[in-house]
Amino acid sequence: MTLRILKRLVILLLIVTSCTDVVDVEVPEAPPRLVVEASIDWEKGTRGNAQSIRLSTSAPFFSNLEDTSVTGASVRVTNTATNEIFVFSDEGNGLYSTITFDPVLNQTYRLDIDYQGETYSAEETMTSVVAIDALSQSRESGFDNEALGVDIAFNDPPNEENFYFFRFEEEGDLFPELLAIPDEFTDGNRLDVFFEKEEDEDEGIEEFVAGDIVNIKFYGISEQYFNYVDLLIEQFEGGGNPFGTVPASLKGNCINLTNPENYAFGYFRLTEVVCTSYVFE
């Protein structure tokens with residue numbers, strides 16, 4: 001009996017050791033590009049004067065520990081209607097900040113970045129958002145009639161083309177859930193957006209229970225940004241689908257005026273946002 005067990009162990013060891021060949025995977029590398037995280041978010045009820053923009057560079061896939069922060073750039077935002085210029089000061093860690101920004105709804109702003117002898121530019125309009133009319137919880141509004149979720153109700157303005165963006169994040173989660181919706185078929189109606197978490201043991205996802213807190217950000221966005229973020233969400237959600245489309249390099253609205261081929265990643269957006277949270281009972 002003992003001999004048989006030893007033989008099996010030797011055979012198993014040979015099989016295991018014979019499968020330990022090192023496989024070198026060649027990952028395509030591209031020269032680093034400027035990455036622009038320029039979200040000018042004006043929370044309802046605040047002045048919106050304190051704003052920040054983060055600059056970094058893209059990095060190879062397996063270099064996630066590398067510091068890619070960009071310093072030494074010149075960053076400014078201009079109100080194209082008044083020609084008022086807001087200079088964002090270099091904080092020395094990739095962050096550029098100001099406390100003098102003046103947000104005005106429906107006015108267009110231009111972002112200009114000078115970095116390594118090249119100038120990047122983008123334009124966007126400050127977009128308003130309606131107020132959230134009601135927050136409630138339910139087990140009957142989602143896909144799973146037994147799962148607890150939060151219902152967000154708001155009134156869409158009539159005879160206007162509006163685009164909305166939601167960011168849901170349960171306290172303690174590593175990543176938020178994102179949702180972008182147009183009012184193409186719901187113009188002027190009362191809208192209800194329901195957010196639930198369906199339990200998935202493989203992914204480690206648990207349903208909401210009493211005491212859980214979900215933080216909600218509700219943005220009004222431009223059609224241009226809607227098209228960008230909708231594609232971004234589609235690519236992210238299709239990442240585990242072997243039959244999905246191969247993600248393409250997603251270009252934002254930041255154009256390199258000096259060298260168009262060396263475009264930047266990221267986006268310059270200006271949005272009004274409602275920030276709230278809900279505690280499940």
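This is a predicted model: local features need pLDDT of at least 70, side-chain atom pairs count only at pLDDT 80 or more; totals for chains, interfaces and linings use all residues.
Close-up 1. What does the side chain of Asp41 meet in a salt bridge? Its partner is Arg269, with N and O 3.0 Å apart. The two come from distant parts of the chain: Asp41 sits in strand β1 (residues 34-43), Arg269 sits in strand β15 (residues 265-279), and 228 residues separate them. Arg269 is buried, at a relative accessible area of 7%. As a bit of background, side chains with opposite charges can pair when their charged atoms come close.

**Close-up 2. Asp133 meets Arg190.** Here's another of the salt bridges, and the structure holds eight of them. The side chains of Asp133 and Arg190 meet at 2.5 Å, N to O. Asp133 belongs to the loop between β7 and β8, while Arg190 belongs to strand β12, so this pair ties together parts that are 57 residues apart in sequence. Buried or exposed, or something in between: how does Asp133 count? Asp133 is partly exposed, with a relative accessible area of 45%. Arg190 is partly exposed too, at 43% relative accessibility.

Close-up 3. Lys197 forms a salt bridge with Asp173, and their closest N and O atoms are 3.0 Å apart. Lys197 lies in the loop between β12 and β13 (213-221), and Asp173 lies in the loop between β10 (163-170) and β11, so the pair ties together parts 24 residues apart in sequence. At 12% relative accessibility, Lys197 counts as buried, whereas Asp173, at 33%, counts as partly exposed. Which residues are linked in the network of salt bridges here? They are Glu170, Asp173 and Lys197.

Close-up 4. Zoom in on strand β9 (residues 149-155). Six of its seven residues are buried, so β9 is largely enclosed by the rest of the structure. Strand β8 (residues 134-138) runs antiparallel to β9, and five bridges join the two. For a spot to look at, find Ser136, which stands opposite Asp151 in β9. Strand β12 (residues 190-196) also runs antiparallel to β9, this time with seven bridges. Which residue in β12 is the bridge partner of Asn155? That's Arg190, the residue whose side chain also meets Asp133 in a salt bridge.

Close-up 5. Twelve strands make up an open sheet with mixed pairing. Reading across, the order is β11-β10-β13-β15-β1-β2-β5-β4-β3-β6-β7-β14. Which strands are at the edges? They are β11 and β14 (255-256), and each pairs on one side only. At the β14 end, two bridges join that strand to β7 (residues 118-125), and the two run antiparallel. Look for Tyr120 here: its bridge partner in β14 is Asn256.

**Close-up 6. Strand β3 between β6 and β4.** Now for a piece of that sheet, where β3 comes between β4 and β6 in the order. Six bridges join β3 (residues 74-79) to strand β6 (residues 108-115), and the two run antiparallel. Ser74 makes a handy landmark, with Asp114 as its bridge partner in β6. Strand β4 (residues 85-90) is antiparallel to β3 as well, with four bridges joining them. On this side, Val75 stands opposite Phe88 in β4. How many residues lie between β3 and β4 in their hairpin? There are five, and one to spot in the turn is Asn83, which has a positive phi of about 65°.

Close-up 7. Glu177, Asp230, Glu234 and Glu237 form a negative surface patch. Which element gives the most to the patch? Helix α2 (residues 223-237) does, with three residues. At 42% relative accessibility, Glu177 counts as partly exposed.

Key. Residues are numbered from 1 along each chain as its sequence is written. Side-chain values use heavy atoms; hydrogens and water are left out. Patches are made of residues with over 30% relative accessible area and no salt bridge: like charges are joined within 9 Å, nonpolar side chains (Val, Leu, Ile, Met, Phe, Trp, Tyr) within 5 Å. Accessible areas come from the Shrake-Rupley method with a 1.4 Å probe; for residues, only the protein chains shown count as cover. A salt bridge is a side-chain nitrogen of Lys or Arg within 4 Å of a carboxyl oxygen of Asp or Glu. Lys and Arg count as positive and Asp and Glu as negative; His and the chain ends are not counted. The place of a charge is taken as NZ of Lys, CZ of Arg, CG of Asp or CD of Glu. Buried means under 20% relative accessible area, exposed over 50%, partly exposed in between (1.4 Å probe, protein chains only). Two strands pair if DSSP finds at least two bridges between them.
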